[in-house]
Amino acid sequence: ELPLIVEDFRVREATPNTLEFEWNAPLNAKSLPVLGYEVMFQVEGQTLKHRFIDGLQQKFKIFGLDPNTVVSDVQVRARNEFGWGPFIDAISGRSATAPPSEVEWIEVLETTAQSARLQWSAPSKVNGAPVTSYLVSFFVGGREADTLVELDTGAD
């Protein structure tokens with residue numbers, strides 16, 4: 001008897017650079033042990049990939065993703081001594097976003113005794129989410145001032 005479909009297929013964990021999927025063995029795995037699993041998936045902008053993993057494992061992690069990357073058409077099927085069972089219905093996942101990189105440069109345009117006008121570059125990497133605000137800290141007499149200024153960019 002071929003393996004039945006795997007159970008409870010889900011995204012286990014998403015980080016900015018990884019996405020982990022997990023599942024439960026098919027219901028008939030107690031009487032017919034699973035020898036391996038085939039995982040199919042497609043990372044956004046890449047071709048469909050296949051991976052084969054040991055039957056003792058019931059999870060699969062994709063490494064090297066950029067933040068906020070979609071991994072689609074993720075399917076799993078089990079194999080026992082009689083062959084391959086059916087693929088479970090495809091699911092998708094998305095790696096997590098991450099904080100943006102630091103700004104590349106900052107320039108003081110104008111200063112007075114009471115104020116300073118600044119200009120700076122956008123972060124070189126936004127890491128999957130729009131920049132919604134900037135936190136500006138400043139120093140007075142070589143020490144960080146008690147006041148931090150948060151500037152809203154207007155992005156949602």
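This passage walks through the overall build of a predicted model, then its largest nonpolar core and the strand β3.

The fold of the protein is written entirely in strands: there are 14 of them and 0 helices. Because its radius of gyration is 25 Å, well over the 15 Å that the globule rule gives for 156 residues, the protein is more spread out than a compact globule. The box that holds its C-alpha atoms, taken along the principal axes, is roughly 85 × 30 × 20 Å. Of the 156 residues, 30% are buried. The accessible surface comes to about 10100 Å², and carbon and sulfur atoms account for 50% of this area. Contacts reaching across the sequence are well represented: among those with a separation of 6 or more, 52% link residues 24 or more positions apart.

Attention now turns to the interior. In soluble globular proteins, nonpolar side chains tend to be buried together. In this model, the largest nonpolar core gathers 20 residues. Trp-23, Tyr-37, Phe-41, Ile-62 and Val-71 have the most contacts inside this core. Four strands each supply at least two of the core residues, namely β2 (19-24), β3 (36-43), β5 (59-62) and β6 (70-80). Leaving aside residues up to four places away in sequence, Val-71 touches Leu-19, Phe-21, Phe-41, Gln-42, Val-43, Ile-62, Leu-65, Ile-91, Ser-92 and Gly-93. Two of the residues with the most contacts inside the core, Phe-41 and Ile-62, are therefore also on the contact list of Val-71.

Strand β3 deserves a paragraph of its own. Most of β3 is covered, with 7 of its 8 residues buried. This strand pairs in the antiparallel sense with β4 (residues 49-54), and 6 bridges hold that pairing. Within it, Glu-38 has Phe-52 of β4 as its bridge partner. The β3 and β4 strands form a hairpin in which 5 residues lie between them. In the turn, Gly-45 shows a positive phi of about 80°. Strand β3 also runs antiparallel to β6, to which 7 bridges join it.

Definitions and conventions. Residues are numbered from 1 along each chain as its sequence is written. This is a predicted model: local features need pLDDT of at least 70, side-chain atom pairs count only at pLDDT 80 or more; totals for chains, interfaces and linings use all residues. Side-chain values use heavy atoms; hydrogens and water are left out. A nonpolar core is a set of buried Ala, Val, Leu, Ile, Met, Phe, Trp, Tyr and Cys residues joined through side-chain atoms within 4.5 Å. Buried means under 20% relative accessible area, exposed over 50%, partly exposed in between (1.4 Å probe, protein chains only). Contact means heavy atoms within 4.5 Å. Two strands pair if DSSP finds at least two bridges between them. The radius of gyration is taken over C-alpha atoms; the globule rule is 2.2 Å times the number of residues to the power 0.38. Accessible areas come from the Shrake-Rupley method with a 1.4 Å probe; for residues, only the protein chains shown count as cover.
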